[in-house]
Amino acid sequence: MFSLLCRRTYSAVKVNVWAHRSGRRVKEQLAKAMEKKAKIGDAKVTLKTPKGTRDYGPKSMVIREKVLKTIVDTFKRHGAETIDTPVFELRDVLLGKYGEEGGKLVFDLADQGGELCSLRYDLTVPFARYLAMNKIQNLKRYHIAKVYRRDQPVMTKGRYREFYQCDFDIAGQYDLMVPEAECIRVVDEVMTQLDLGDFEIRLNHRLLLEGMFSLSGIADKDFKTVCSSVDKLDKSPWAEVANELINEKKIDEAAVNKLEQYVRLRAQNPDLDNLGLLEKFLEDPEASQNASIVTAVKEIKVLLEYVELFGANQNVVFEPSLARGLDYYTGAIYEVVIKEFSFSGLGGTKSDNPDDQVSVGSVAAGGRYDKLVGIFAGGKGKSNVPCVGVSFGIERLFSIMEAKAATEEMPGRTNATQVYVAAAQKGLLKARMNVIRQLWDAGFNAETSFKANPKLLDQMQYCEARFIPWVLIIGESELAAGVIQLKNVKDREDVKVIPIADMEKELTSRLNGST
């Protein structure tokens with residue numbers, strides 16, 4: 001008993017000492033900040049957003065919300081449930097999950113309260129942690145939230161330090177390639193509805209890459225570093241990729257030359273369809289004897305068959321050089337690329353810099369990751385949960401739509417107001433308040449002027465500038481008769497004088513026809 005009491009006393013003293021030291025550190029930091037502020041004095045503060053971030057005004061948000069709604073509606077149509085996780089995780093949860101390069105891009109937070117935390121780098125690792133922590137075996141989920149990367153941002157290319165990801169994932173033990181096929185169908189639906197131009201859903205398999213590398217004589221330890229170079233083939237010629245592998249990464253030249261015949265199979269056989277290109281591997285004497293390649297070819301064929309049954313095969317392209325996200329992907333991988341689209345800046349901002357005149361690149365990517373949950377759960381028995389998913393890069397999608405809107409000079413409506421309550425004479429503020437209250441109570445999106453006696457012309461111009469479709473005009477004689485005037489703002493046509501009692505019914509009919 002005495003020993004237990006001593007231990008408790010020691011623990012309490014230790015906590016108090018730690019709290020005292022922590023409090024002292026906070027006071028010291030605060031004192032330094034105040035001292036720095038005093039030195040600066042009244043110096044003018046530079047007003048700007050932090051590097052790699054941006055503000056979104058009302059017009060930008062209209063486009064942004066349209067993209068998000070399209071994506072969310074698609075996710076829900078496929079039965080997904082939504083979750084949310086903290087914007088920061090314990091540092092140990094994130095580190096080691098993104099490879100050497102990704103690990104360097106994680107934002108670390110200062111020690112606050114004895115826990116080392118970092119801002120989330122993506123939504124996949126937090127999802128795996130969520131599954132393991134809650135012992136969930138099956139879940140179809142979507143998650144839309146901000147993530148953070150300590151990268152060198154290129155704003156004109158839609159690459160930020162703070163940005164949204166839109167993830168759709170299927171967790172659970174299911175039959176071969178069925179979940180993958182639904183993920184590709186989801187991608188096809190989103191891209192078709194956004195109507196951003198021709199796109200490709202490029203498809204590959206980790207086992208195929210492992211088999212090609214093994215046949216080429218590339219060591220297992222060099223797998224990821226070679227993948228990072230090969231994945232540049234969609235933007236760089238083979239000569240540059242080969243030079244990087246041989247001279248910078250010190251990969252044997254003979255191995256690199258042999259690898260070329262596999263990873264450039266699509267470029268060397270542009271007329272072959274997906275199945276024809278897969279058969280090329282089975283016709284090769286060495287590749288046809290490699291277990292990894294044979295398995296990958298078989299699984300990709302099954303996936304292509306299922307995708308066709310789902311009606312999403314028109315834009316799917318098997319691409320042997322696709323080699324991304326392989327720090328945790330274990331099976332099929334895919335990415336979405338918008339073809340022949342480039343932009344020279346956001347919002348129509350022109351740039352003379354040749355580096356800015358680039359294609360938008362990948363706008364979505366995903367694949368199967370069967371071991372990530374097991375890392376958190378110990379990897380034994382039922383603790384491991386296979387997963388497959390896709391993540392949309394909302395910023396790049398939004399950048400394209402924003403640039404297109406600027407080019408096409410599309411009118412941007414930044415509000416959802418359905419009807420405006422106006423007055424034709426002075427002294428009708430309370431009458432307007434009474435009418436708009438009835439509209440709000442009935443669920444209409446309605447506005448009125450904050451001025452007591454606004455001019456009718458100013459009120460009509462406000463509606464025109466904000467693309468408000470309908471206006472209700474109150475007048476003294478009309479009020480005395482219990483009626484109100486309904487006008488179409490676009491052409492200022494006198495539509496109808498209606499009883500105030502029928503106002504809601506008439507508006508509903510008009511709005512259903514005009515919106």
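**Group meeting talk: helices and a few single residues**

Helices here are DSSP runs of H or I with at least four residues, strands are runs of E with at least two, and both are numbered from the N terminus. Before I go on, this is a predicted model, where local features need pLDDT of at least 70 and side-chain atom pairs count only at pLDDT 80 or more, while totals for chains, interfaces and linings use all residues. Residues are numbered from 1 along each chain as its sequence is written, and side-chain values use heavy atoms, with hydrogens and water left out.

Back to Ile71. Is Ile71 buried or exposed? Ile71 is buried, and its relative accessible area is 0%. When I say buried, I mean under 20% relative accessible area; exposed is over 50%, and partly exposed is in between, using a 1.4 Å probe and protein chains only. So which residues does Ile71 touch, if we skip those up to four places away in sequence? They are Cys166, Val190, Phe392, Ile394 and Leu397. Contact here means heavy atoms within 4.5 Å. There's also Ile144: from Ile71 you count 73 residues along the sequence, yet C-alpha to C-alpha the two are 9.6 Å apart in space.

Let's zoom out for a second. The protein has 19 helices and 17 strands. Of its 515 residues, 45% are buried. And if you take contacts between residues at least 6 apart in sequence, 71% of them join residues at least 24 apart.

Now find helix H10, residues 253-263, in the structure. Its buried residues include Ala255, Val256, Leu259, Tyr262 and Val263. These residues span an arc of only 110 degrees around the axis, so they are on the same side of H10. That arc is taken from the directions between the helix axis and the C-beta atoms. What covers the buried residues of H10? The cover includes helix H7 (206-216), helix H8 (223-230), helix H9 (238-248), helix H11 (265-268) and H12.

Take H9 from that list. The axes of H9 and H10 come within 10 Å and cross at roughly 145 degrees. Axes are lines fitted to C-alpha atoms, for helices over the stretch in contact, and angles run from 0 to 180 degrees between N-to-C directions. The crossing of H9 with H10 is right-handed. Handedness works like this: if the near helix is turned anticlockwise from the far one by less than a right angle, the crossing is left-handed, and if clockwise, right-handed. On the H9 side, the contact uses Trp238, Ala242, Leu245 and Ile246, and on the H10 side Glu253, Val256, Glu260 and Val263. Sorted by type, the residues of this contact are six nonpolar, no polar and two charged. The nonpolar ones are Ala, Val, Leu, Ile, Met, Phe, Trp, Tyr, Cys and Pro, the charged ones are Asp, Glu, Lys and Arg, and the others, Gly among them, count as polar.

Next pair: H12 (residues 274-283) and H13 (residues 291-309). Their axes are 10 Å apart, and the helices pack at an angle of about 165 degrees. H12 and H13 are therefore roughly antiparallel to each other. For the cut-offs, under 35 degrees is roughly parallel, over 145 roughly antiparallel, 65 to 115 roughly perpendicular, and the rest oblique. The crossing of H12 and H13 is left-handed. H12 brings Asn274, Leu275, Leu278, Glu279, Phe281 and Leu282 to the contact, and H13 brings Ile293, Val297, Ile300, Lys301 and Leu304. That makes eight nonpolar residues, one polar and two charged.

To finish, some loops. Met177 is in the loop between strand S5 (162-171) and helix H6 (178-194). Met177 isn't a glycine, but its phi is positive, about 70 degrees. At 3% relative accessibility, Met177 is buried. Asp195, in the loop between H6 and strand S6 (199-205), has a positive phi too, near 55 degrees. Asp195 is exposed, though, at 56% relative accessible area.

Last one: Tyr98, in the loop between helix H3 (91-94) and helix H4 (99-103). Tyr98 is buried at 7% relative accessibility. Leaving out residues up to four places away in sequence, Tyr98 touches several residues, among them Tyr121, Asp122, Asp327 and Tyr328. Tyr98 and Asp122 are 24 residues apart in sequence, and 9.5 Å apart in space, C-alpha to C-alpha.
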